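Take a moment to look over the sequence and the fold. Then follow the text from one site to the next.

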Amino acid sequence: MLNELFTRYPVLKSCEKDLVNAKDILLNCFNNGNKLLLCGNGGSCADCEHIVGELMKGFLKKRPLPQVLRDKMLENCPEIPQSILNQLQGALPAISLPAFCGLNSAFCNDVDPELIYAQSIIGLGTKGDVVICISTSGNSKNVYAAALTAKALGITVISLTGEGGGKLKPVSDVCICVPETETFKVQELHLPSYHYLCAAVEAEFFAE
């Protein structure tokens, strides 16, 4: 998968070590039954939703439910039809923090807009989880606060940024700093980077 990525996007070769490290961190997270939390603003917010969509349903694979899970679900609820079991897919637990419109707007109004993602991490984050922080500059205040909060809770932080990494780089366990500085160009390289991560993780957990 990496060779294909670098063939299509040679500039990402400079991120090889960080991409591999990020993949290994995610594999460890999901293997241990933990979850992924994501945060970002604007286009990076949309990237959070995109990543969740690739992980919580089939991306390159169909991910049929394993028979042991199907049997357990039937044992718990004999009324569930095979048509439902046949269409449901295996999922990797991932949550986009920008999706919490009610919580985020309330905390923004009542407390501090720079801490909206940090507050969600307080409520949802547990040791063993991973937080992905996406910021093209690496300096988004609410994303940086989220990274600090995760780090303070002992949660692993992966960041996706532009060249240099900004303030996020020194507080991240892994910082994938794609070699661009203009926002739209950074975003253009973030997409194939996280598609690689999603595909590589999916390949480890699902046979189909």
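A residue is called buried when its relative accessible area is under 20%, exposed when that area is over 50%, and partly exposed in between. Keep those limits in mind as you read. Note too that this is a predicted model.

Start with Phe 100. It sits in the loop between strand S2 (94–96) and helix H6 (101–110). Is Phe 100 buried, exposed or partly exposed? Its relative accessible area is 28%, so Phe 100 is partly exposed. Now look at its contacts. Setting aside residues up to four places away in sequence, Phe 100 touches Ile 95, Ser 120 and Leu 124.

Move on to helix H6 itself. The axes of H6 and helix H7 (residues 116–124) come within 9 Å and cross at roughly 120 degrees. That angle makes H6 oblique to H7. The crossing of H6 past H7 is right-handed. Which residues make the contact? From H6 come Leu 103, Asn 104, Phe 107 and Cys 108, and from H7 come Ile 116, Tyr 117, Gln 119 and Ser 120. Sort the residues of this contact by type. Five are nonpolar, three are polar and none is charged.

Between these two helices runs a loop, and Asp 112 is found in it. With a relative accessible area of 25%, Asp 112 is partly exposed. Asn 142 is 30 residues away from Asp 112 in sequence, yet the C-alpha atoms of the two are 9.5 Å apart in space.

Next, turn to helix H9 (residues 183–205). Begin with its meeting with helix H3 (residues 43–55). The axes of H3 and H9 come within 10 Å and cross at roughly 20 degrees. That makes H3 roughly parallel to H9. H3 passes H9 in a right-handed crossing. On the H3 side, the contact uses Gly 43, Ser 44, Asp 47, His 50, Ile 51, Glu 54 and Leu 55. They meet Gln 187, His 190, Leu 191, Tyr 194, His 195 and Cys 198 of H9. The residues of the contact of H3 with H9 comprise five nonpolar, six polar and two charged.

Helix H2 (residues 16–31) also meets H9. Their axes come within 10 Å and cross at roughly 40 degrees. This makes H2 oblique to H9. The crossing of H2 and H9 is right-handed. H2 brings Leu 19, Val 20, Ala 22, Lys 23, Leu 26, Leu 27, Phe 30 and Asn 31 to the contact. H9 brings Ser 193, Tyr 196, Leu 197, Ala 200, Val 201, Glu 204 and Phe 205. What kinds of residue are these? In the contact of H2 with H9, eleven are nonpolar, two are polar and two are charged.

Check its backbone. Most residues other than glycine have a negative phi. Arg 63 is not a glycine, although its phi is positive, at about 55 degrees. Is Arg 63 buried or exposed? Its relative accessibility is 1%, so Arg 63 counts as buried.

Now for the cysteines. A disulfide is a covalent bond between the sulfur atoms of two cysteines. How many disulfides does a search of the whole structure find? It finds zero. Cys 39 is in no disulfide, and the nearest cysteine sulfur, that of Cys 133, is 3.9 Å away. Cys 39 is buried, at 0% relative accessibility. Cys 133 is buried as well, with a relative accessible area of 0%.

Finish at Ser 172. This residue lies in the loop between strand S4 (156–161) and strand S5 (174–177). Its relative accessibility is 13%, so Ser 172 counts as buried. Leaving out neighbours within four places in sequence, Ser 172 is in contact with Val 157 and Ser 159. Ala 147 is 25 residues from Ser 172 in sequence, and 7.2 Å separates their C-alpha atoms in space.

How values were computed
Residues numbered from 1 in each chain as written. Predicted model: local features only at pLDDT ≥ 70, side-chain atom pairs only at ≥ 80, totals over all residues. Heavy atoms only, no water. Disulfide = S-S within 2.5 Å. Buried < 20%, exposed > 50% of the residue type's maximum accessible area, 1.4 Å probe, protein only. Axes fitted to C-alpha atoms, helices over the stretch in contact; angles between N-to-C directions. Helix = DSSP H or I, 4+ residues; strand = E, 2+ residues; numbered from the N terminus. Parallel < 35°, antiparallel > 145°, perpendicular 65-115°, else oblique. Left-handed = near helix turned anticlockwise from the far one by under 90°. Contact = heavy atoms within 4.5 Å. Nonpolar A, V, L, I, M, F, W, Y, C, P; charged D, E, K, R; others polar.
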